[in-house]
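Let's take a walk through a protein fold together. Have the picture open while you read.

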Amino acid sequence: MRLLRRAAVAVLGLFLLAGLPALLTGAPQRALQGTDAVSAATVVLDQPSGAYVVLINRGRHTNEDNLAVWDRFFRGEEIDFLFEDISCVTADSDPSGLELARSFQSRLPENQMRLRTENITLLLSKARWGIYDVILLSREVYDAYGAEGLTGGEDMLVIEAEGV
């Protein structure tokens, strides 16, 4: 009987420490609902004006057809649905590049484009070594930090375009 009481106290204690806070925050309900990974963005953000440069790592996008679709997409053209996710990085010192990246992200299904910012020096260093998927920079930041030296490699697709 004593063992049964100790087990009940331990279970009650674990519930109070872990179960009750989870129930009060609604975490189990959110986990069971899930998300629709192919749902379209609800609000398409306007594309900022100005010139920008997108660098795509060909080593991570070996399918030429998919690469051509991403090329059209980043030039501002409409695309069909594409079953390929990308990770886009912008410079933390480039607010217009981040705004443009968010605009592109809003045109894709949810979670198809992961977006993050990074220090420009670290970002350009990773780009030189091919440690990136997609880099988006405004033309001003691209020129100011001498990123044009990156465009010589054959493993890099460079897209230069104008905003709306």
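## Some ground rules

Two strands count as paired if DSSP finds at least two bridges between them. DSSP runs also give us the elements: helices are H or I runs of at least four residues, strands are E runs of at least two, and the numbering starts at the N terminus.

This is a predicted model, where local features need pLDDT of at least 70 and side-chain atom pairs count only at pLDDT 80 or more, while totals for chains, interfaces and linings use all residues. Residues are numbered from 1 along each chain as its sequence is written, and side-chain values use heavy atoms, leaving out hydrogens and water.

## The whole chain

The protein chain has six helices and five strands. Read from the N terminus, they go α-α-β-α-β-α-β-α-β-α-β.

How much of the chain is tucked away? Of its 164 residues, 36% are buried (buried is under 20% relative accessible area, exposed is over 50%, and partly exposed is in between, using a 1.4 Å probe and protein chains only). The accessible surface is about 10,200 Å², and carbon and sulfur atoms own 56% of that; such areas come from the Shrake-Rupley method with a 1.4 Å probe, and for residues only the protein chains shown count as cover.

Now for contacts, meaning heavy atoms within 4.5 Å. Among contacts with a separation of 6 or more, 77% are between residues 24 or more positions apart.

## The opening helix

Just after α1 comes Gly 26, with a positive phi of about 80°.

## How the strands line up

Start with β1 (residues 51–57), which runs antiparallel to β5 (residues 156–162) with seven bridges joining them. Val 53 stands opposite Glu 160 in β5. β1 also pairs with β4 (residues 134–138), again antiparallel, over five bridges. Val 54 has Leu 136 as its bridge partner in β4, and Ile 56 has Val 134.

Val 134 in β4 is also the bridge partner of Cys 88. β2 and β4 run parallel, joined by two bridges. β2 (residues 86–91) pairs with β3 (residues 113–118) as well, in the parallel sense over six bridges. To get from β2 to β3, the chain passes through helix α4 (residues 95–106), making a right-handed β-α-β crossover. Right-handed here means that, with the strands pointing away from the viewer, the path from the first strand over the helix to the second runs clockwise.

## Covered strands

β4 has five of its five residues buried, so the rest of the structure largely encloses it.

Asn 66 is in helix α3 and is buried, with a relative accessible area of 17%. Beyond its neighbours within four places in sequence, Asn 66 is in contact with Leu 82 and Glu 84.

Gly 76 lies in the loop between α3 and β2. Is Gly 76 buried or partly exposed? Partly exposed, because its relative accessible area is 43%. Gly 76 and Glu 162 are 86 residues apart in sequence, with their C-alpha atoms 8.7 Å apart in space.
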